[in-house]
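Biologist: Please take one part of this model and walk me through it closely. Then move on to the other parts that stand out.

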Amino acid sequence: MSQPPPIVLSFAASDSSGGAGIQADILTLASMGCHPLSVITAITVQDTAGVDDVMALDPEWVADQARAVLEDMPVHVFKIGMLGSVEIITAIAEVISDYPNIPLVLDPVLASGRGDELASEDMLVAMRELLLPQATIITPNSLEARRLAQDDEDDDDMEDLNQCAGRLLQMGCEYVLITGTHENTLQVVNHLYGNDGLIRSDSWHRLTGSYHGSGCTLASAIAAALANGLPIAEGVYEAQEYTWQSLKAGFRPGMGQYLPDRLFWARDETDTMDEDKVK
Ligand code: PXL
């Protein structure tokens, strides 16, 4: 019998459109050779045009899902996406604190790319206090980075992303990847920071479509790369490359946004299935 692939446990919400959330995580993790475990935090009602409703699960159900699989299987990496409520954040923070050696990729989901709010101000505070200090890497876009880094008591505005990254690292995570899709630059530039400052900047040709699920894809791809044994800087590069390719191959299945094709590599023009058929 074959060895199991590396296992990644994703805490995320269901996106009925299949573009973001747990569905994005499962597609990405499987596509990158991992076995995805899924702990559902909330259920959204949404299509490719937007989020209509959100129902957060009972926090005990979230903790129970996680504990059941953690007691059964060796988890290589945790990935956290949309959280649903302050109580769910508290429950997850408690579960993962029992596994301090498992790397954690935290995607601090505050709003969808289309602007639907997916976290309250109280949830932002709970994420900062309970999850950020446990994270190996956080993957905010520049808007999320500014909101997370902004401390109510000071009036400095957090325009400068280097300064934001410094602040987020002080809050206790080991690495910060700030993505640049929302910045007014010709190319999309993503910056990875660690405690010694900037580690790498990667520039990507800006694609013209509007995509749903790119952040979930990137964070899951980082989780997969780490689970596959890559060091952080290489893993972050490989995850960006994978995400960019999946966006480039994106498709528009409905009337709203494009979705990344997380299985782009499996869709060669030549249909290899036919060649494998027994004649
Ligand atoms: O892209 C962030 C995100 C994460 N999780 C769910 C979402 C979204 C964006 O819409 O719906 C479930």
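Modeller: Start with serine 85, which touches Ala56 and Met123, leaving aside residues up to four places away in sequence. Touching, or contact, means heavy atoms within 4.5 Å. This is a predicted model, where local features need pLDDT of at least 70, side-chain atom pairs count only at pLDDT 80 or more, and totals for chains, interfaces and linings use all residues. Residues are numbered from 1 along each chain as its sequence is written, and side-chain values use heavy atoms, with hydrogens and water left out.

Serine 85 sits in the loop between strand 4 (77-80) and helix 3 (86-97). Helices (H or I, at least four residues) and strands (E, at least two) are DSSP runs, numbered from the N terminus. Serine 85 counts as buried because its relative accessibility is 13%. Buried means under 20% relative accessible area, exposed over 50%, partly exposed in between (1.4 Å probe, protein chains only). A polar atom of the serine 85 side chain lies 3.0 Å from the backbone nitrogen of isoleucine 88.

Now helix 8. Its 17 residues (232-248) should span 24 Å at 1.5 Å a residue, and the end C-alpha atoms are 24 Å apart, so the two agree. The expected span is 1.5 Å times one less than the number of residues. The buried residues of helix 8 include Ile232, Val236, Tyr242 and Trp244. Among the elements that the buried residues of helix 8 pack against are helix 1 (21-31), strand 8 (188-194) and helix 7 (214-227).

Terms used. A polar contact is a pair of N or O atoms within 3.5 Å; within protein, one must be able to donate a hydrogen and the other to accept it, and residues adjacent in sequence count only if both atoms are side-chain atoms.
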